[in-house]
Amino acid sequence: MSSTIGLGVPVPKMLPVTGAWTLPFTAYLLFLSNRVVYQRIKNKQFMGDKLKAENTKAVDNTNIDPLFLENRCHQNFLENVPLAFTLAAIAELNGADRTILNYAMAALFALRIGHVELGIRSKDAMGPGRLIGLLGSQAFLGGMAAYGTYLVKGYWGY
């Protein structure tokens with residue numbers, strides 16, 4: 001599990017777990033982005049985060065502006081995932097157990113999908129996935145930060 005640089009100096013792969021999780025997270029981000037683009041094209045609303053009053057047609061099972069809804073799904077993902085990846089990468093670079101890290105990233109992926117698909121996109125944007133996704137994502141961020149700190153406890157003399 002190494003590659004070479006320069007004249008053949010072997011360099012180990014530094015972040016195989018977080019690197020492996022970039023594909024599913026990026027694919028879902030692109031999916032969310034395309035939902036926003038779809039609403040913009042469908043309603044001919046190319047600027048702003050809400051539809052003009054004459055274009056507003058509620059989403060099937062909500063009373064919420066569909067462009068605003070899709071924007072919030074996209075933004076919520078972007079508010080949490082970059083920091084989560086940063087914390088996971090820091091933990092991995094400091095020797096985190098790869099099995100634990102894989103399970104944690106899988107859980108985060110499921111939580112973020114649940115937050116959108118079973119939460120924000122549910123009736124009145126208040127499905128059960130919203131609270132579960134929120135609390136689970138916060139637990140991931142706090143837990144991964146604590147795990148990363150635990151991994152470097154020797155630096156602080158403990």
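**Packing inside the model**

Modeller: In this predicted model, F25 touches F77, V81, F85, M105, L108 and F109, residues up to four places away in sequence being left out.

Biologist: Which element gives the largest share of the largest nonpolar core?

Modeller: That core has 27 residues, and W21, F25, M105, F140 and M144 are those with the most contacts inside it. Two or more residues each come from α1 (16-43), α2 (66-93), α3 (98-120) and α4 (128-151). The largest share, nine residues, is given by α2.

Biologist: Against which elements do the buried residues of α4 pack?

Modeller: The buried positions in α4 are G129, G133, G136, S137, F140, L141, M144, Y147 and G148. These buried residues pack against α2 and α3.

Biologist: Is E70 buried or exposed?

Modeller: E70 belongs to helix α2. The relative accessible area of E70 is 5%, and the cut-off for burial is under 20%. E70 is therefore classed as buried.

Biologist: Which residues is E70 in contact with, leaving aside neighbours within four places in sequence?

Modeller: Contact here requires heavy atoms within 4.5 Å. With those sequence neighbours set aside, the partners of E70 are R35, V36, Q39 and R121.

Terms used. Residues are numbered from 1 along each chain as its sequence is written. This is a predicted model: local features need pLDDT of at least 70, side-chain atom pairs count only at pLDDT 80 or more; totals for chains, interfaces and linings use all residues. Side-chain values use heavy atoms; hydrogens and water are left out. A nonpolar core is a set of buried Ala, Val, Leu, Ile, Met, Phe, Trp, Tyr and Cys residues joined through side-chain atoms within 4.5 Å. Buried means under 20% relative accessible area, exposed over 50%, partly exposed in between (1.4 Å probe, protein chains only). Helices (H or I, at least four residues) and strands (E, at least two) are DSSP runs, numbered from the N terminus.
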